[in-house]
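Please work through each task before reading its solution.

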Amino acid sequence: MSDAQDVERTFSAWAERAGSVTPGHAAPVPTAAPGPDDPATAPGSRPPFRPAGSLRIGLVLAGGGAKGAYELGVCDYLAEMGLDIAAVAGTSIGALNGAVLASAPDLKTGTLRLAEFWERFSTQSGVAPFADQGLPLDAAGAAAEGTARQARLLAPRLLGLRRRVGLLEELVNEAVDASAIRAGRPLWVVAYPLARTESLPVRLRHLMEVLRWLGGARGDVLPINGYPEHQIREAVLASAALPFIFPSRVVDGCAYLDGGLGGPGDRTPVRAFAEQEHCEVVVVVHLHPDAVVSSHAASRVTRIDIRPSVPIVPPGPLGPLTGLLSFSPDRVQALRRLGYRDAWVRFEELHHLLGVHNSLSRAETRMLAAFQRLCDAPRPATPS
């Protein structure tokens, strides 16, 4: 069977699975099906789905700080469908999420662990639970913060995260099983390499890094399964090392910072699969409605893009920073519900498109069969 036939059979099977998933019963999210109150515990005893043929499914998780809670919601839905993920790639928060998932024996278990990770980190790093109550909600269902509130909370959020480096390391040590990653599914993380300029004065080093960054320096795609266990955790933390908040990390003799510094292409590291070419279908989770993946990235794979249906970056000049740093428990849950909803909608779209495609295929088959009968029918004798 050809690769194209394998992909078509897989999409058909996914469409059937998507049609069988019943959304949860949380408070409704506008315009589409809601996610469950606790989506990770909603799936029933549906057995893991393994696609037809030998297709391998990859999962790509974009970077974006606190917005990464959206990826948890997408994973809730994929786990509910029973998908079996063969490989994972991630940048920044996507690397953290991906490392937790890759540590688990299956996606359902990994999603449960990831939900616990987010709950603990958000309750200890964000604002106090219910502190956002009384604020109007934005399109994503999270508290809408005005510029004045964002400015007032910017310093506390920055300092709060800086003080919680130890908490992040503790949670990564608990949630990321390095020995399981070494023996399990492939995991790539993107980290931004710093130049080896130890001999230069500090200010000159900083200037060189800024010039490198302005010049379009790219992040490194690190296949970390073969690293020693302590280096695996360091590589994951390196990918999520936001400048001025978390320290750089040394991996295999090179110092690294957050992988998202490498530019738009590194924030959604589809190129990890393009370079390795061992996944035929890739599910890409974006953290921006307008995120673009290079047409050259993974051109040989079938890609399913899931992206926010509404902006998840707060408005105003400080919105991008607030989106990165706001680990409010209420916001985390809102983004999680949105991710679940958008994944549900995306697979429903695929279900509909496949139905249309199959209907057209059947109509075309009938037309060709009728044409063939016309061609095969006896022809009247030509008059002499």
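**Exercise 1. State how many bridges join strand β1 to β7, and in which sense the two strands run.**

Solution. Strand β1 (residues 57-61) and β7 are joined by five bridges, and the two run parallel. Two strands pair if DSSP finds at least two bridges between them. Strands (E, at least two residues) are DSSP runs, numbered from the N terminus, as are helices (H or I, at least four residues). Within this pairing, G58 has V282 of β7 as its bridge partner. Next, consider strand β8 (residues 302-306): β7 pairs with β8 over five bridges, again in the parallel sense.

The model is predicted: local features need pLDDT of at least 70, side-chain atom pairs count only at pLDDT 80 or more, and totals for chains, interfaces and linings use all residues. Residues are numbered from 1 along each chain as its sequence is written, and side-chain values use heavy atoms, leaving out hydrogens and water.

**Exercise 2. Determine why β7 is described as largely enclosed by the rest of the structure.**

Solution. Buried means under 20% relative accessible area, exposed over 50%, and partly exposed in between (1.4 Å probe, protein chains only). Five of the five residues of β7 (residues 281-285) are buried, and the strand is therefore largely enclosed. One side carries V281, V283 and V285, the other V282 and V284, and all are buried.

**Exercise 3. Decide whether S92 is buried or exposed, and give its phi.**

Solution. S92 lies in the loop between β2 (87-91) and α3 (93-103). Its relative accessibility is 5%, so S92 counts as buried. Although S92 is not a glycine, its phi is positive, at about 60 degrees.
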